[in-house]
Amino acid sequence: MTRIHASAVVDSKAELASDVEIGPYSVVGPNVKIGAGTKVGSHTVIEGYTTIGKENNFAHFAAIGGPPQDMKYRGEPTQLIIGDRNTVREFTTIHTGTAQDEGITRIGSDNWIMSYVHIAHDCQIGNHTIFSSNAQIAGHVHVDDWAIMGGMSGVHQFVRIGQHVMLGGASVLVQDIPPFVIAAGDKASPHGINVEGLKRRGFSSETISALRQAYKVLYKDGLSFEDAKVEIQKMITVHAADAATAEKLAQFHDFIAASTRGIIR
């Protein structure tokens, strides 16, 4: 049975699953949909055209689905879509999209979003990511699966962050980070492959070794960016018999090849 605290304000047009919990003094707007098993703490506002999946946990004082902090925004009915089993801690802000993009901010599933995190309009966040406290993500940023954002890190708009990336605390990121890479600093620079993280996620020693070699080709061998891409493409062919390794090398190659802001160097 839905449990809504007597002090909460839930619009009659909001769609809540039968077992949703809404804490004291929280506000839920008319265009909000909340899935089964989701819990909302006290003093949290969920507004806008926001759709939330199942078994999410929102802590106190979060601001979810508010209008984008974009001076071009003119009240268009843009959206925020959140998946399943996410944890969103205190004072986090997540905004809807803008008409200048596809109009949707997306958060996947199984993400851990700590206190004071800001995820701006039109961001596309994958699954199993971690946003440490006070990570600040500007508009139109893409963060792929299993990436980790360090505390007090700041990310420039339109940046892409590859899968299994680790960005160190208090870093300033203004260009794309290729998959599997560790980066840190102001401005953030590359510091090798995220070896420990990949081991924990079941990557074979062969795949990790190949990714370390691809990193060396890109960052250590003194090649031009175009020549490095050619060499990494050759590595994919060399490792064709090992499907998992070839796939990860291809993801590394394709990410850097598709970068429009340029990658960190």
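**Reading a nonpolar core and a helix**

Student: Of the 65 residues in the largest nonpolar core, which touch the most other members?

Tutor: A nonpolar core is a set of buried Ala, Val, Leu, Ile, Met, Phe, Trp, Tyr and Cys residues joined through side-chain atoms within 4.5 Å, where buried means under 20% relative accessible area with a 1.4 Å probe, protein chains only. Here Ile64, Ile119, Phe131, Met149, Ile161 and Leu173 touch the most other members. The largest share of this core, eight residues, comes from α2. This is a predicted model, in which local features need pLDDT of at least 70, side-chain atom pairs count only at pLDDT 80 or more, and totals for chains, interfaces and linings use all residues. Residues are numbered from 1 along each chain as its sequence is written, and side-chain values use heavy atoms, with hydrogens and water left out.

Student: What is Ile161 in contact with, beyond its neighbours within four places in sequence?

Tutor: Contact means heavy atoms within 4.5 Å, and the partners of Ile161 include Met149, Leu173, Ile177 and Phe255.

Student: Which elements do the buried residues of α4 pack against?

Tutor: Helices are DSSP runs (H or I, at least four residues), as are strands (E, at least two), numbered from the N terminus. The buried residues of α4, among them Leu249, Phe252 and Phe255, pack against β24 (160-161), β27 (181-185), α2 (205-219) and α3 (225-238).

Key
Buried means under 20% relative accessible area, exposed over 50%, partly exposed in between (1.4 Å probe, protein chains only).
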